[in-house]
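Hi,

Here is the structure I promised to pass on. My notes follow below it.

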Amino acid sequence: MVCFCFLVDQTKKVKQSKPVAGSCSRCGGGASVADMITQTRFCFVPFYWKSWKAIMCTFCGAMLKSYR
Ligand SMILES: [Zn+2]
């Protein structure tokens, strides 16, 4: 299992984001809707991508809502 964790990793990237109405429940900062990409790599070779949208806080980075 340790070996498996070592070989496979997942990175989350924000492709683009724009402000939306709403505020963060944690810090009260502004919210933005972000196009996210989750990339899964095996032995550092990307083999799976998934794009999705999420509402994120622009201030603390908290994920307020996600759409899959
Ligand atoms: Zn926040």
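Along the chain, the donors of the zinc ion follow the spacing C-x2-C-x29-C-x2-C. Donors here are N, O and S atoms within 2.8 Å of the metal (3.2 Å for Na, K and Ca); water is not among the atoms, so sites may look incomplete. C27 lies in the loop between β1 (8–23) and β2 (30–42), and C60 in the loop between β3 (45–57) and β4 (63–67), so the pair ties together parts that are 33 residues apart in sequence. Strands are DSSP runs (E, at least two residues), numbered from the N terminus.

This is a predicted model: local features need pLDDT of at least 70, side-chain atom pairs count only at pLDDT 80 or more, and totals for chains, interfaces and linings use all residues. Residues are numbered from 1 along each chain as its sequence is written, and side-chain values use heavy atoms, with hydrogens and water left out.

The zinc ion is coordinated by the SG atoms of C24, C27, C57 and C60, at 2.3 to 2.4 Å. The site is tetrahedral, with angles of 103 to 115 degrees among its 4 donor atoms (four donors count as tetrahedral if all angles lie between 85 and 135 degrees).

C27 is partly exposed, at 37% relative accessible area. C60 is partly exposed too, at 39%. The cut-offs: buried is under 20%, exposed over 50%, partly exposed in between (1.4 Å probe, protein chains only).

**Strand β2**

S32 lies in strand β2. S32 is buried, at 5% relative accessibility. Its contacts (heavy atoms within 4.5 Å) include S17, V20, A54 and M56, not counting residues up to four places away in sequence.

Best wishes

How values were computed
Four donors count as tetrahedral if all angles lie between 85 and 135 degrees; four count as square planar and six as octahedral if opposite donors are over 155 degrees apart and all others between 65 and 115; anything else is irregular. Helices (H or I, at least four residues) and strands (E, at least two) are DSSP runs, numbered from the N terminus.
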